[in-house]
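Hi everyone, thanks for making the time today.

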Amino acid sequence: MENNTHRCRVCNNKISITVDFGSMPIANNLLNPNNDDAKNEYKFHMQTAICNACSCFQVVSVPDKNLMFNSSYAYFASQSKSMTLHFNKLGDSIIKNFIKDKTDYILDIGSNDGIFLKNFSDKGIGHLGVDASENVVSESRSNGVDAICGFFNKELCKSIIEKRGKAKVIISTNTMHHIEKCHEVLEGMDLLLKDEGIIIIEDPYLPDMLSLGSFEQIYAEHNFIWCCKSYQTLFEKYSFYLNRVEHFSIHGGSMRYFFSRNNIQEDSANKYLGLEKKLKISEDSIYLNFKNKSENICNNLKKFLIEKKREGKSVCGYGATAKSATLLNFAGIGTSLIDCIYDSTPAKIGKLTPGTHIPIKDASTFHTEKFDYTIIFAWNLMGEIINKEKNNGAKTVWVEYVPEIKLTDAN
Ligand code: JHZ
Ligand code: ZN
């Protein structure tokens, strides 16, 4: 492993590179086929490191945030019914347990199209979304959600406090791992949260990524893959304590973390902190195995695709996910092996995938096309997608590839 002078973004400890994924485009930076987007495509060198002191897994050099989060952000969370359901349940439990009086409001960092806050706006409960991408903010407003466009930091929080006072609950789902300057977020939370308030964070969990070998969770926006130890280190610097965690299978394994000013650590937090220690996730040596798993996933999928091409079979993809950008670019899989990828998101349809330039087509026409094989790039939403397409009458063999190739025949 290469020696260098990189420093951990959480604790400033020296870190060294564990896996080098080479040149990568920005995962959600889909290209317009009718202009020079493809010729001028932005790329960065994606290398990852683990901090031996605080277990923070991070991308070493991250593209400028304005290149990733802007008015053409392509991900709209409400495209998934199962994710909508997941957030409805979370909303109900927060309303029951934490929203106690009329002045209490919840603030969502990375509120996207309002998928989560809709639970509050529909019931007339105080809420505010913050998101750095104007297009998803407009979408959430059109869904009745109160949201502002901006990067969450101390300055923004000062202006929110002037207008709304302090928040009872601060939540951030699938967003903290997008924010390179994580201390700016904590400085904002430190100002904005009521003394008796609670912070809830949820995102993909490092030990799950390591055990599946799902390296696709890493891309420009996902510049951290968090765990209990790394979050605990970050939050304790601002006197917030990890009280409790809840584990979910969504997105290939996610953790929900609860922080407050109370220094009480429940069994769930102890359990996972202990597990992380036992798994030695802070040690460089673990990442050699992870690198091997990642390369195997790529090699197996590529081998499968080459074989099917040779047999004259037709192959497409389903779900133009951010994850698939990492996979396709790292594996070197492009239009010679996959004809197109189907997706239901209006902002993605008609565009090309970043780096590999595979055309993205409207998922509503998928069932009419009859591809022999369909690679399910949204493997985390597989049940929902297969059911939907089965009802539409789609005939294909679905192909999963994490952790290994698995076929589901829907013919
Ligand atoms: P999905 C995103 O990652 C991006 P991605 C982001 N960086 C993040 O943090 C994680 O999510 C949590 C489509 N689809 O959820 C919609 C259909 O076409 O796996 C999406 O493009 N038909 C913010 O992009 C994609 O699949 C359907 O029926 O890796 C799913 O993307 C359904 C259900 C989805 O996340
Ligand atoms: Zn660290």
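Let me begin with a term: a polar contact here is a pair of N or O atoms within 3.5 Å, and inside the protein one of them must be able to donate a hydrogen and the other to accept it. Please also keep in mind that this is a predicted model.

With that term in hand, let's go to Asn119, which sits in helix 3, residues 118-121. Which backbone oxygens does the side chain of Asn119 reach? One belongs to Phe116, at 2.8 Å, and another belongs to Phe87, at 3.3 Å. Is Asn119 buried or exposed? Its relative accessible area is 7%, and buried means under 20%, so Asn119 is buried.

Now to the ligand. How many residues surround ligand 1? The shell has 25 residues, and the closest are Ala322, Lys323, Asp343, Lys348 and Lys388. By type, the shell around ligand 1 divides into 8 nonpolar, 12 polar and 5 charged residues.

Let's look at some contacts with oxygen atoms of this ligand. In the side chain of Lys348, an N or O atom is 2.7 Å from an oxygen atom of ligand 1. Asn380 places a polar side-chain atom 3.0 Å from a ligand 1 oxygen, and for His178 the distance from a polar side-chain atom to an oxygen of ligand 1 is 3.1 Å. On its own, ligand 1 has 730 Å² of accessible area, and the protein covers 97% of that. Two elements give two or more residues to the shell around ligand 1: helix 11, residues 322-331, and helix 13, residues 382-392. Helix 13 gives the most, with 3 residues.

Moving on, let's visit the second largest pocket. It holds about 260 Å³ of space. Its lining has 17 residues, and the ones nearest the pocket centre are Asn28, Asn29, Leu30, Asp37 and Ser72. That lining divides into 9 nonpolar, 5 polar and 3 charged residues.

My last stop is Glu276, in helix 9, residues 267-279. Why does Glu276 count as buried? Its relative accessibility is 3%, and the cut-off for buried is under 20%, so Glu276 falls in that class. Glu276 and Cys227 are 49 residues apart in sequence, and their C-alpha atoms are 8.0 Å apart in space.

Methods:
Residues numbered from 1 in each chain as written. Chains lettered and ligands numbered in written order. Predicted model: local features only at pLDDT ≥ 70, side-chain atom pairs only at ≥ 80, totals over all residues. Heavy atoms only, no water. Near = heavy atom within 4 Å. Areas by Shrake-Rupley, 256 points an atom, 1.4 Å probe, with all protein chains shown as cover. Helix = DSSP H or I, 4+ residues; strand = E, 2+ residues; numbered from the N terminus. Nonpolar A, V, L, I, M, F, W, Y, C, P; charged D, E, K, R; others polar. 1 Å grid on protein atoms, 1.4 Å probe; cavity = no way out; pocket = protein on both sides within 12 Å on 5 of 7 lines; lining within 4 Å. Points joined across faces, edges and corners; volume = space filled by probe spheres on them. Buried < 20%, exposed > 50% of the residue type's maximum accessible area, 1.4 Å probe, protein only.
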